[in-house]
Protein chains: 2
Amino acid sequence: MSAGPVLIDALRALVGDRNLLAAAEDLRVAQADGRVADGSEPCAIVRPADAAQVSEIVRLAAGHGVPLVVQGGRTGLVGAGLAQQAGALILSLDRLDRCIEIDPVNRMATVDAGVRLSALNAAAAEFGLSFPIDLGADPMIGGMIAANTGGARFLRYGDVRTALKAVEVVRSDGTGERMRFGAALWKNNGGLDLKQLLVGSSGALGIVTRATVALQPLPQARLTALLALADPHAALMLLRLLEDGFGTLLTAFEGISGAALAAALRHVPTLRAPFGGPLPAYAVLIELSAGSLFDAAELEDKLGTLLAPLMERDGTPILDVATDRRDGLWAIRHAVPEGLRSEGAVVACDIALRRGDVMRFRDDLAARLAAAAPGLVLHDFGHIGDGGLHFNCVWPKAAGPLPDGIADRARAIVFDAVVTEYGGSFSAEHGVGPRNIAQYRRFTPPGERRIAGAMQRLIAPVPIGSVDFGTGWSEELDDVE
Amino acid sequence: MSAGPVLIDALRALVGDRNLLAAAEDLRVAQADGRVADGSEPCAIVRPADAAQVSEIVRLAAGHGVPLVVQGGRTGLVGAGLAQQAGALILSLDRLDRCIEIDPVNRMATVDAGVRLSALNAAAAEFGLSFPIDLGADPMIGGMIAANTGGARFLRYGDVRTALKAVEVVRSDGTGERMRFGAALWKNNGGLDLKQLLVGSSGALGIVTRATVALQPLPQARLTALLALADPHAALMLLRLLEDGFGTLLTAFEGISGAALAAALRHVPTLRAPFGGPLPAYAVLIELSAGSLFDAAELEDKLGTLLAPLMERDGTPILDVATDRRDGLWAIRHAVPEGLRSEGAVVACDIALRRGDVMRFRDDLAARLAAAAPGLVLHDFGHIGDGGLHFNCVWPKAAGPLPDGIADRARAIVFDAVVTEYGGSFSAEHGVGPRNIAQYRRFTPPGERRIAGAMQRLIAPVPIGSVDFGTGWSEELDDVE
């Protein structure tokens with residue numbers, strides 16, 4: 001399973017000396033993603049210049065029986081881009097970053113898989129367009145397809161799946177066959193849409209080398225507001241009120257627990273306290289976006305009209321409102337993860353619920369965790385507008401190191417409740433990787449896993465990546481044969 | 001291949017006498033869909049009451065070796081719901097119409113597959129919500145999934161794929177296994193999204209019995225406007241201007257050729273002429289939709305501001321504008337198909353192009369058709385905002401019956417050009433069925449068809465429906481084995 005000198009020499013001949021990395025420091029860096037460094041040590045990192053080289057690398061790795069894992073921006077949170085076996089070969093997308101073609105009339109971009117989200121958005125902005133998936137991180141497009149990234153503006157614009165129109169992909173079939181699924185078209189129903197299987201596949205169904213995605217008009221007027229709520233449950237009423245009043249202009253509705261807000265403000269010195277009084281039990285960040293015929297002042301007036309009845313008397317749901325016409329309040333929202341890390345050891349669960357269940361779930365699970373894992377403090381935040389919740393807990397630094405077993409126990413309680421009792425998801429928008437494959441196996445019915453595994457083998461006959469969606473590699477091959 | 005009395009008796013025992021139809025008139029009706037009556041005569045039509053009966057019917061049909069085809073609202077246009085072999089059994093969804101559950105906080109509906117679009121929208125409207133796929137026809141949800149219906153508001157809301165969150169499906173595996181893919185969640189990335197393969201699969205990958213779809217806030221303010229253009233090419237400039245100015249409030253941008261507009265006004269007596277002067281070369285219908293904090297007058301003012309510079313001088317792109325605050329102008333757009341049928345024999349092509357290519361393609365193909373099929377008159381219309389074009393031609397009644405071969409020749413020219421020269425689609429939103437399976441085979445690379453066929457067999461091991469996405473039934477089984 002480890003690469004011999006013959007493979008390494010062949011790779012070096014293909015991509016050139018400087019694009020075949022095997023120094024200890026390079027191998028160390030490749031073992032970490034956006035969460036932790038728990039990947040196995042690869043034999044090398046190969047950096048192809050184009051799809052033809054990707055294809056040749058797939059052939060070489062398959063021929064030598066060396067596992068191949070694709071690595072994008074290393075911003076993933078489930079380990080799907082890390083080697084799971086010592087000696088695996090890492091294929092880095094970072095040199096596949098030359099093509100960024102914007103078609104402004106069609107409102108689409110065709111980009112190499114190694115192009116960063118920020119680079120795509122910079123190119124699109126020149127045409128008054130945007131790839132409207134908002135994240136704290138700056139991943140590569142290939143990784144965004146593998147994870148089906150959602151983010152904070154999902155409520156209006158959807159996820160990568162919604163935007164993806166075409167992919168060029170290298171199959172792991174030993175021949176490294178290059179295929180193209182889809183076209184640069186908004187409507188296209190001339191057959192089964194095979195590219196859909198690649199979305200959210202954790203890089204295990206083929207190596208995307210280029211993609212065409214839909215862009216949206218870049219909003220010309222924007223207003224953000226941070227609302228202090230006396231009672232978190234009021235958030236759901238507020239969400240419906242805003243959707244009714246603003247319709248498609250509501251582009252984000254984010255929730256931040258009082259604990260998470262306090263952690264961000266305490267540990268990120270560039271932030272200023274948004275509210276006059278003490279911090280509330282819960283805060284909601286909303287964003288309104290409109291075209292050039294509107295302005296932020298007009299949005300602010302209308303928001304005032306809508307919220308006034310909720311603020312006028314004592315005991316009303318909204319305690320305070322901070323507004324900003326220049327996106328400034330997003331800094332508070334995006335500082336929350338850093339605030340939590342500074343507060344202590346984070347036990348993270350990326351879950352999704354029906355929107356109406358979010359607040360009930362918070363109450364329910366906070367009580368269960370207090371009993372089963374005392375000392376862990378809930379610091380949740382997330383995308384209330386789409387039911388996506390970063391149900392994260394913190395073991396405070398002051399309490400010493402995180403005791404053995406607490407994290408696993410807490411996560412088991414959360415995942416069991418969210419899936420089996422609430423009908424929710426154990427992975428809202430981070431995908432499936434080595435860090436949550438156990439949940440995938442636990443919660444996915446065997447019949448569905450058998451089909452998923454067979455699908456995976458159809459597109460990727462030679463295993464690539466770090467995830468097996470089936471019930472076991474040998475078992476499924478028997479099923480298909 | 002025809003059903004013997006044993007199967008018929010078993011079906012009758014299962015669903016009851018009145019739900020097993022075999023009278024000549026019933027069989028005749030079941031041979032037609034939204035376009036023509038070219039289906040083969042089925043042996044019977046069976047109307048199951050629930051998913052358990054669907055499952056039992058699949059087992060019975062498979063056990064007797066009788067082909068099974070699912071029929072929804074018979075509004076499809078490619079024949080995918082019609083029997084292709086005499087003696088096939090039709091499974092009608094029309095009694096699967098009892099469940100319509102609206103979750104207003106989650107903004108989703110769970111509905112039986114036989115529920116009509118109009119019934120879903122009536123139920124959603126009670127909660128201020130909408131399933132925003134706008135069509136002239138009134139299909140069933142099951143058929144909408146099979147065709148991946150798009151319609152006239154795709155520009156803002158997307159297609160059925162965008163909205164579909166979960167399906168319950170009966171597999172054709174001889175056991176009639178019932179499976180559920182997905183959940184009532186906006187974000188959910190805990191595995192491969194297998195339900196995606198069912199979308200746009202023409203009913204050939206399993207029988208959907210129930211589905212959960214996302215709803216959108218029902219707009220509280222709406223303005224429609226019909227714009228008379230001196231030059232069709234101005235439509236693309238206008239589209240970008242509206243997207244920039246109104247952002248997400250632009251919910252439709254439809255194009256109607258002067259010939260199609262004239263045919264609608266001539267043959268549909270309830271319509272009134274929208275413009276003061278003579279009919280223009282091209283008309284564009286736009287729709288703006290907003291929440292309750294806005295009103296139609298405000299939208300009309302802003303539209304006036306945006307359009308004024310395009311109308312003020314002689315020789316400007318916009319000749320006239322008719323506005324309506326109550327959706328009245330949609331009647332003209334939806335009357336176009338009837339207008340064309342009254343004008344003569346229609347040769348229809350449902351194609352998609354990059355938006356920037358639409359007007360160039362019209363010019364190009366009008367010239368080629370004039371040379372190759374003289375007498376056919378282009379009467380195109382469609383969804384310019386998403387590049388979907390009903391590139392329809394009319395052989396006028398005054399010219400006598402449509403000569404043999406003209407329709408096939410015209411369609412071949414259009415499809416060859418759209419796919420091989422323009423990179424477009426031969427089926428934008430009508431899916432694949434017996435009427436265009438030849439185009440599917442012609443334009444889909446064999447490698448992709450092999451994978452598609454193998455996928456189809458994985459989910460639907462016993463053939464159902466009327467479409468084979470593979471390269472031939474026996475050939476693919478060899479590939480998989």
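**Conventions.** I noted that this is a predicted model, in which local features need pLDDT of at least 70, side-chain atom pairs count only at pLDDT 80 or more, and totals for chains, interfaces and linings use all residues. Residues are numbered from 1 along each chain as its sequence is written, chains are lettered from A and ligands numbered from 1 in the order in which they are written, and side-chain values use heavy atoms, without hydrogens and water.

**Sheet in chain A.** I traced an open, antiparallel sheet of 5 strands in the order β5-β6-β10-β8-β9. A strand here is a DSSP run of E with at least two residues, a helix one of H or I with at least four, both numbered from the N terminus. I found 4 bridges between β5(A) and β6(A) (residues 108-112), in the antiparallel sense; two strands pair if DSSP finds at least two bridges between them.

**T212(B).** I located T212(B) in strand β10 (residues 207-214) of chain B. T212(B) is buried, with a relative accessible area of 3%; buried means under 20%, exposed over 50%, and partly exposed in between, with a 1.4 Å probe and protein chains only. I then listed residues that T212(B) touches, among them M108(B), A163(B) and A184(B), leaving out residues up to four places away in sequence. Contact means heavy atoms within 4.5 Å.
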